[in-house]
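Hello,

Here is the structure I promised to pass on. Please look it over first, then read my notes below.

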Amino acid sequence: MHFYYKDKTLPNRFKECRLMTGLSQSQLSNALGFKGGKATISGYEHNKRLPNIPTLVKMKNIFKVSLDYLLCLDDYPTHIDYAKSELGLDDELIQWLLELSTNEELKIKINDYIQHQLLKEVKTHENKDNQ
C-alpha cells in the first residue's frame, strides 16, 4: 500500500507514514507514549501543532524512515533507498558497506592503511620539492 501526496508538507508526510505503517491515530499516540489519545496526532496531521525533536525521533523509528524523509527534506524513505537511487549502489555493495561500518577491527586496519598511503604520498612530494 503506497500513499502519495503531491503537497509534500509535514502534516501530509506524518499521515502518509502513519497509514503506510497501518496505525490508527490512537495506536500511534499510544506508541509515542501520549496520554491524550489521538488528539495530539490529529493536531500534527492537521497542521495545528508540531512534534518536538524527541517525538520526531520516536516517529522515525516507529515508521522506519529517515528523519530527512519524515521532515520532507527528500523523497527517499531510507538512506539505503537514497544510496540506491541517487548514488547507484547495488544491494551487494550496500551490504558490504553496512558490514564494514560495524567491524571495528577492519575499520582500524583501513584507517592505518590510508594513513600509511598518505604518508608515502607526502614523502614523495617532499622528495620532488627538494630536488
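Predicted model: local features only at pLDDT ≥ 70, side-chain atom pairs only at ≥ 80, totals over all residues.

Arg13 and Glu16 are both buried. They also pair up: Arg13 forms a salt bridge with Glu16, and the closest N and O atoms are 3.5 Å apart. Both residues belong to helix H1, which covers residues 10–21. They sit three residues apart there, about one turn of the helix.

**Overall picture**

The protein has eight helices and zero strands. The pattern along the sequence is α-α-α-α-α-α-α-α.

How does the radius of gyration of the protein stand against that of a compact globule of 131 residues? The protein has 23 Å, whereas such a globule would have a value near 14 Å. The C-alpha trace spans about 75 × 30 × 30 Å along the principal axes.

Of the 131 residues, 23% are buried. The accessible surface comes to about 9,500 Å². Carbon and sulfur atoms account for 54% of that surface. As for contacts between residues at least 6 apart in sequence, 36% join residues at least 24 apart.

Charges next. The protein has 18 positive and 18 negative charges. Their mean positions are 12 Å apart.

Two of them to look at are in helix H8.

Glu104 forms a salt bridge with Lys107, with the closest N and O atoms 3.0 Å apart. Helix H8 runs over residues 104–130. Glu104 and Lys107 are three residues apart in helix H8, so about one helical turn separates them. Lys107 has a relative accessibility of 29%, so Lys107 counts as partly exposed.

Glu105 forms a salt bridge with Lys109, and here the closest N and O atoms are 3.5 Å apart. Why are Glu105 and Lys109 separated by about one helical turn? Because they are four residues apart in helix H8. Is Glu105 buried or exposed? Its relative accessibility is 53%, so Glu105 counts as exposed. Lys109 is exposed as well, with a relative accessible area of 51%. The cut-off for exposed is over 50%.

Arg18 has a relative accessible area of 6%, so Arg18 is buried. Which residues does Arg18 touch, not counting those up to four places away in sequence? They are Leu23, Ser24, Gln25, Leu28, Ile41, Glu45 and Phe63.

Thr40 is found in helix H3. With 13% relative accessibility, Thr40 counts as buried, the cut-off being under 20%. Leaving aside neighbours within four places in sequence, Thr40 is in contact with Phe34 and Arg49.

**The loop between H3 and H4**

Helix H3 covers 39–45 and helix H4 covers 53–63. Leu50 is in the loop between them. Leu50 is exposed, with a relative accessible area of 58%. Which residues is Leu50 in contact with, leaving aside its neighbours within four places in sequence? Leu10 and Tyr44. Leu10 and Leu50 are 40 residues apart along the chain, and their C-alpha atoms are separated by 8.7 Å.

Asn47 is found in the loop between H3 and H4 too. Its relative accessibility is 55%, so Asn47 counts as exposed.

Most residues other than glycine have a negative phi. Asn47 is not a glycine, yet its phi is positive, about 60°.

Cys72 is another residue to check. Its phi is near 65°, a positive value in a residue other than glycine. Where is Cys72? Cys72 lies in the loop between helix H5 (67–70) and helix H6 (79–87). At 23% relative accessibility, Cys72 counts as partly exposed.

Best wishes

Terms used. Residues numbered from 1 in each chain as written. Heavy atoms only, no water. Helix = DSSP H or I, 4+ residues; strand = E, 2+ residues; numbered from the N terminus. Rg over C-alpha atoms; globule rule 2.2 N^0.38 Å. Buried < 20%, exposed > 50% of the residue type's maximum accessible area, 1.4 Å probe, protein only. Contact = heavy atoms within 4.5 Å. Areas by Shrake-Rupley, 256 points an atom, 1.4 Å probe, with all protein chains shown as cover. Lys, Arg positive; Asp, Glu negative; His and termini not counted. Charge placed at Lys NZ, Arg CZ, Asp CG, Glu CD. Salt bridge = Lys/Arg side-chain N within 4 Å of Asp/Glu carboxyl O.
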